[in-house]
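Please read it alongside the sequence and the model.

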Amino acid sequence: MSTGGFDNWLGTIAEIGPIYPLVGSEGLWVLLCIGFWIWWHMAQMRTENMEHSQIQQALEDEEQDQDEDQNGSLDN
Amino acid sequence: MDQDITALTLLFTELYYWLSMFLMMFIPAGFCLYASAIVRHKNCNNAFLTQLMILPVLALPCFVFGWWIYFGFVNGPGAGGFESAPFAVAWHPLAGGFIGIDEFGRSRINGVSWLGFLLMSFTVAAIVAGSVLERIRSGALWMLVVLVGSVLWVIGAAWGWSPRGWMVELMGFHDAYAAGVVHTVAGGFALGVLKNLGPRLAKVSSNKSLYNIPPRSIHMASFGQILIILGLLGFYLASNQPIVDVQSGEGTFFSATNIYGTPVVLSASTLNFFMSLLAGMLVGYILSAGDLRWILSCGVAGIVSTSAGNDYYHPLQAFLLSAMVVWLVFRMRYWLESRFQIDDVTSAVAFHGFAGWFGLVIAGVVLWGYPASPHEGYAIINPLGQFVGATILFWVIGFIPGHLSSSFLKFMGVLRLNPDIEVIGMDTLRNNISRLESENNSDNELQILDDIKEEKD
């Protein structure tokens, strides 16, 4: 079995053509890569949204703690 | 003998492009360093990351459709359809490694040419990314850079930076080192985005005037710009064909050519590159009263301002034209900021967009009457053709799509950072998390140390 389009280097080199494996399946690689590309942008947006929500939450918590501290010192 | 010369020419060309790619790799390094140094400390790592990820984000779209757009779109809108370019079609055997005879003669240099193309795409995208730092969301920016880096500038290049582009053929458009298709398009696009994005919160005072926001590290920003300039030299090399028989009819005359196939003298255009850079720096020194922040920016603007015609200018012409345009765009930078409240962190609109635009128009006057192509039937270089071409690049290919796409992202609510996050800075919280983790680690270490001591006792 050979994944390449040639099985030795002894013939006419100029007639080899494509040197990558699985010649003929290029369309599939293109579709997979487009799928990966779209997935990456969606995943990136999801990750970014999540990170921003965490930051937002941390800021709100901090603000709440400060308010509570302030109220506590006023009560005393 | 003929075969020997052909083989030698082929190998030399291959090596030449590899060398130029090596130099061009300094462009991403320079932009990452520059961006991280020009922002405030709280956004330093995020600015670096934003620039760094542009290259991987652009790789697939540039390979799958950007490369084909460059060859396929040369006929322009509604004229002549798409040109055939199988070596640029992602699923064609010529797009990968190919040993043999192909009718286009590109199989030996296709990959390395594409790499140059990708780095040019990066340059366009990084110019835009630099101008919007410190308040744009990374996800939105990376979508915008796909649009400008793998579609828009490529259309401009197909039209005006290609031997068979319709703007070259009909209008005599000339843009030897891509001042227009790279820098003018990037500047126009950045302006479109900046208009929707608005200034940084810290930039606007209560009376609506804009504050100056000092960069984190001016000397590191300058070092980043030195790397960018080194990369631009590689860009100049990659814009030429190194060895071509340019003699029509009988006889042979080997020469380097520009992208249009007309003969150029490499040493002269390299000299012009440096003359433009140095003139820009001299003017920048005077205008900024010796402020290091602006000197190399003005040097880059100087290169941009003469790149359209640096293949044929006299070195002193390049010097004087650069000085004139840099003086002009330096003033326009302030005008943009004060008149329109455009907060352009790296001054990309003025130093790339406007400098490129002026450079194109000036090339039309200075090179008036030069043949735009070695082929018969092409228009000559002329001021009107350059003016129309420059305007198409800035407004039609740059500004309008930039404005529309960023309007859409703004409408979707994903363009700009939440004000709370903008104020605290993207790095601050990430750093706090790292600090907490590091403190936890230290606590853990101390605990282990206590345990060891107890065991010993």
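Which residue of chain A forms a salt bridge with B:Arg137, and how many Å apart are the closest N and O atoms? In this predicted model, the partner of B:Arg137 is A:Glu48, and the closest N and O atoms of the two residues are 3.7 Å apart.

**Chain B against chain A**

- The contact between the two chains brings together 32 residues of chain B and 25 residues of chain A, and about 2500 Å² is buried between them, with 72% of that area on carbon and sulfur atoms.
- On the side of chain B, 23% of the area buried against chain A is supplied by B:Leu60, B:Ile99 and B:Arg137, which is more than any other three residues supply.
- The rule finds 1 salt bridge across the interface of chain B and chain A, together with 7 residue pairs in polar contact, both residues of each pair being at pLDDT 80 or more.

**The two domains of chain B**

- Chain B is divided into domain 1, covering 2-417, and domain 2, covering 422-456, and the C-alpha centres of these two domains lie 45 Å apart.
- Domain 1 of chain B contributes 13 residues to the contact between the domains, while domain 2 of chain B contributes 9.
- About 850 Å² is buried between the two domains of chain B, 44% of it on carbon and sulfur atoms, and B:Lys42, B:Asn46 and B:Leu417 supply 56% of the area that domain 1 buries against domain 2, more than any other three residues.
- The rule finds 1 salt bridge across this domain interface; B:Arg416 forms a salt bridge with B:Glu422, where the closest N and O atoms are 2.8 Å apart.

**Enclosed space**

- The count comes to 7 cavities of 30 Å³ or more, and the largest cavity holds about 150 Å³ of space.
- The largest cavity is lined by 15 residues, of which B:Phe31, B:Tyr34, B:Gln225, B:Thr346 and B:His352 are the closest to its centre.

Notes:
Residues are numbered from 1 along each chain as its sequence is written. Chains are lettered from A and ligands numbered from 1 in the order in which they are written. This is a predicted model: local features need pLDDT of at least 70, side-chain atom pairs count only at pLDDT 80 or more; totals for chains, interfaces and linings use all residues. Side-chain values use heavy atoms; hydrogens and water are left out. Domain bounds come from an automatic or database domain assignment. Contact means heavy atoms within 4.5 Å. Buried area is the accessible area (1.4 Å probe) that two parts lose on being put together, summed over both. A salt bridge is a side-chain nitrogen of Lys or Arg within 4 Å of a carboxyl oxygen of Asp or Glu. On a 1 Å grid over the protein atoms alone, a cavity is a set of points where a 1.4 Å probe fits but cannot get out, and a pocket is an open set with protein on both sides within 12 Å along at least five of seven lines; lining residues have an atom within 4 Å of a point. Grid points are joined across faces, edges and corners, and a volume is the space filled by probe spheres set on the points. A polar contact is a pair of N or O atoms within 3.5 Å; within protein, one must be able to donate a hydrogen and the other to accept it, and residues adjacent in sequence count only if both atoms are side-chain atoms.
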